[in-house]
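Please consult the sequence and the structure shown below.

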Amino acid sequence: SQAAIRNSLTRELNHRVKNTLANVLSIAALTRRRATGIDDFTESLTSRIRALSATHDLLSRTDCTHAAVRDIVRAELAPYMEGHENHVVMDGPDVKLAPNDAMSLGLAIHELATNAAKYGALSGVAGRIHVEWSLLAPDRVEIRWREEGGPPVTPPVKRGFGRDLIEKIVAQELRSQVDLRFHPTGVECRLEIPIRPSREFSLRARRSQEEAQGEIT
C-alpha cells in the first residue's frame, strides 16, 4: 500500500515538474527572441519566473489541488497595488482552478499588468484596471481585463512577447481563444478558462487514515 502511494505521488510530481519546466523553456525561448540585450533578457525572464512562482505559492497552500481566481489576480497585481489598491477593481464569484490552468492565468495576468505598467493604465495615477470574471457554464469561466484612465492606446506595430505568450502559450494550455484588443481608451482582454475537478488522491487519504488509526491504537 505504501509503495502504491509513493508511486502515485511520484507520478503526480513528475507530471507537474515537467509541465512547469515546459512553461519555463517556452518562456525562455520567446524572451530570448524578443530581448534587446542580456540585461533585458535577464530582467524579463526573471519577472516571468517570479509570476510562475507567485501562483505556485498559492497552489502549495492547497497541496497543489487548486487556486482561486481572485487570489491569482491579486497575487500578480500585488506589486502595483501597494498603497494604490483603488487602482485595481476585482469582481467575480468564488471560482477555483486546477494547477495548470491557474499557472496559465497567472502568466496572462502578469503580462497584462506588465504592459499596463509600462504603457497603459498602471503607468499614471489616474489609471484603473478592472478584472471581472463570471461563469459561462459550470465548467467554464470567462476572465475580462479592462483598462481605463491611462494614456491613449495605439495598436502595436509589431507583436510583442506578452501578446505572443498570451495568445500562443496560454491559449494553447487553456485550449481556448484569447480576445486581446487595443482600444484607444485602454487594452481589453477576454479569455475562457476550463474549471476542472481537483484530482483527489484516495491513496494519500487512506494513508492518513491508517496513520491516524495507528496513533490511536
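The following paragraphs treat the strand order and pairing, and then the helix contacts.

The model is predicted, so that local features need pLDDT of at least 70 and side-chain atom pairs count only at pLDDT 80 or more, while totals for chains, interfaces and linings use all residues. Residues are numbered from 1 along each chain as its sequence is written, and side-chain values use heavy atoms, with hydrogens and water left out.

**The sheet**

An open sheet of mixed pairing is formed by five strands, in the order β2-β4-β5-β7-β6. Strands (E, at least two residues) and helices (H or I, at least four) are DSSP runs, numbered from the N terminus; two strands pair if DSSP finds at least two bridges between them. Direction ignored, neighbouring strands are turned by 10° against each other on average. Axes are lines fitted to C-alpha atoms, for helices over the stretch in contact, and angles run from 0 to 180 degrees between N-to-C directions.

| Strand pair | Sense | Bridges |
|---|---|---|
| β2 and β4 (residues 128-137) | parallel | four |
| β5 (residues 140-148) and β7 (residues 186-194) | antiparallel | seven |
| β6 (residues 178-183) and β7 | antiparallel | six |

Individual residues locate these pairings. Val89 stands opposite His130 in β4, and Val141 has Ile193 of β7 as its bridge partner. Phe182 is opposite Val187 in β7. Two residues separate β6 from β7 in the hairpin that they form.

**Helix packing**

Helix α3 (residues 69-81) lies across β2, β4 and β5, and its direction is at about 175° to that of β2. The axes of α3 and helix α4 (residues 99-118) come within 9 Å and cross at roughly 30°.

On the α3 side, contact (heavy atoms within 4.5 Å) is made by Val69, Ile72, Val73, Glu76, Leu77 and Tyr80. The α4 residues involved include Leu105, Ile109 and His110. By class, the contact of α3 with α4 has ten nonpolar, three polar and one charged residues. Here Ala, Val, Leu, Ile, Met, Phe, Trp, Tyr, Cys and Pro count as nonpolar, Asp, Glu, Lys and Arg as charged, and the others, Gly among them, as polar.
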